[in-house]
Amino acid sequence: MATDKELSDFLKSVEKRAWKRAVYAVRDEDAALDIVQDAMIRLAEKYVDRPAAELPLLFQRIVSNATMDWFRRQKVRNQVVRNFSDFESAGAEGEFDILDTLEALGSTLESESAADSVSRAQILQVIDEAVAELPARQREAFLLRYWEELDVAETAASMGCSEGSVKTHCSRAVHALAKTLKAKGIAP
Amino acid sequence: MNRTENNYRLAASDVVESRFAHTVTARLSERADTVAPEIGERLRFAREKAVEAGRLARQGAVYGLGVTAHGAAVAGFSRSRWWLRIASALPLAALVAGLAIIQESQTRSQISVAAEVDAALLGDDLPINAYRDAGFVEYLKAPPGE
């Protein structure tokens, strides 16, 4: 059973990322706050008897469900379905080298001496927007897998899909991000 | 040979994708850490509210286990503090109601006995004042043969 401190520390460690994920999904900061608060209370009330180690996966699933509940309440299911459609590649995946993009992105972000804080903030803004533009399922898989650092099986359980789908969504998200960042001038 | 090469390429691709993804999410974390103060404050408030809700739920769960361990018929409501309160008050209410019923029964019984005695006295041919006569009382106490 998680103690008050364990619960509080856990929520503190994930609350900002959870809010950001919800903002990506619903595009409304206040609604995202409501979703995160609702998810926190659901976790505390219904799963307080679970060990602290189980909280991350449970919380991610609750946030996902709370987000879906929000969409249902807003009656914009059609929009969700449209956003959930698989990312359609233009068939040009071979036209750029992801490693080059990665290296360029890394060097751009790490060369603080060459870039002042304003340009760095602009780069972070571009990355933020690129993630926000991803199709919902790809973004969810990408964020759960790499931001929340769940493994493939946990991500699949949280999203209610197969592990193969998670790998596909993640791979497509990475390629889409690399392409977008390259197009916006962050990568060569 | 080709299969080995393909496997190697796939593995290398996975590593590259993973590195790229972690670079991006590190930047996302950097940006997420600098949320507006009012957002941070509302998240803090939500967290405290959730911890309080967890504390209440935990107390309710512990109380529920205690009650069910003693065999009370409230197993289905072990998570509901409202039902638990009602369930715990039921035995006390039953005890008070039982005592009241016993008291009422005793009173009615005494009244009934007194009424029977009165009816017997009033219905008898012998006047009541006869029982106040000391000689008559001695006569009643004496054995029938004397």
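**Helices and the chain contact**

Mentor: Start with α2(A) and α3(A), which are oblique to each other. Keep in mind that this is a predicted model.

Trainee: At roughly what angle do α2(A) and α3(A) cross?
Mentor: Roughly 135°, and their axes come within 9 Å. Angles over 145 would count as roughly antiparallel and 65 to 115 as roughly perpendicular, so this pair is called oblique.

Trainee: And is that crossing left-handed or right-handed?
Mentor: The crossing of α2(A) and α3(A) is right-handed. On the α2(A) side the contact includes A:Ile35, A:Ala39 and A:Leu43, while α3(A) brings in, among others, A:Phe59, A:Ile62 and A:Trp70.

Trainee: What classes of residue are in there?
Mentor: That contact has 12 nonpolar, 2 polar and 3 charged residues.

Trainee: What about α3(A) and α8(A), what's their angle?
Mentor: About 35°, with the axes 9 Å apart. α8(A) covers residues 152–159. This crossing is right-handed. A:Leu57, A:Gln60, A:Arg61 and A:Ser64 of α3(A) meet A:Glu154, A:Ala157 and A:Ser158 of α8(A). By class that gives 2 nonpolar, 3 polar and 2 charged residues.

Trainee: Switching topic: how many residues of chain A are in contact with chain B?
Mentor: 52 residues of chain A, against 32 residues of chain B. The two chains bury about 3,900 Å² between them, with 69% of it on carbon and sulfur atoms.

Trainee: How many salt bridges across that interface?
Mentor: The rule finds 4 between chain A and chain B. A:Glu15 and B:Arg47 also form a salt bridge through their side chains, at 3.0 Å from N to O.

How values were computed:
Residues are numbered from 1 along each chain as its sequence is written. Chains are lettered from A and ligands numbered from 1 in the order in which they are written. This is a predicted model: local features need pLDDT of at least 70, side-chain atom pairs count only at pLDDT 80 or more; totals for chains, interfaces and linings use all residues. Side-chain values use heavy atoms; hydrogens and water are left out. Axes are lines fitted to C-alpha atoms, for helices over the stretch in contact, and angles run from 0 to 180 degrees between N-to-C directions. Helices (H or I, at least four residues) and strands (E, at least two) are DSSP runs, numbered from the N terminus. Angles under 35 degrees count as roughly parallel, over 145 as roughly antiparallel, 65 to 115 as roughly perpendicular and the rest as oblique. A crossing is left-handed if the near helix is turned anticlockwise from the far one by less than a right angle, and right-handed if clockwise. Contact means heavy atoms within 4.5 Å. Ala, Val, Leu, Ile, Met, Phe, Trp, Tyr, Cys and Pro count as nonpolar, Asp, Glu, Lys and Arg as charged, and the others, Gly among them, as polar. Buried area is the accessible area (1.4 Å probe) that two parts lose on being put together, summed over both.
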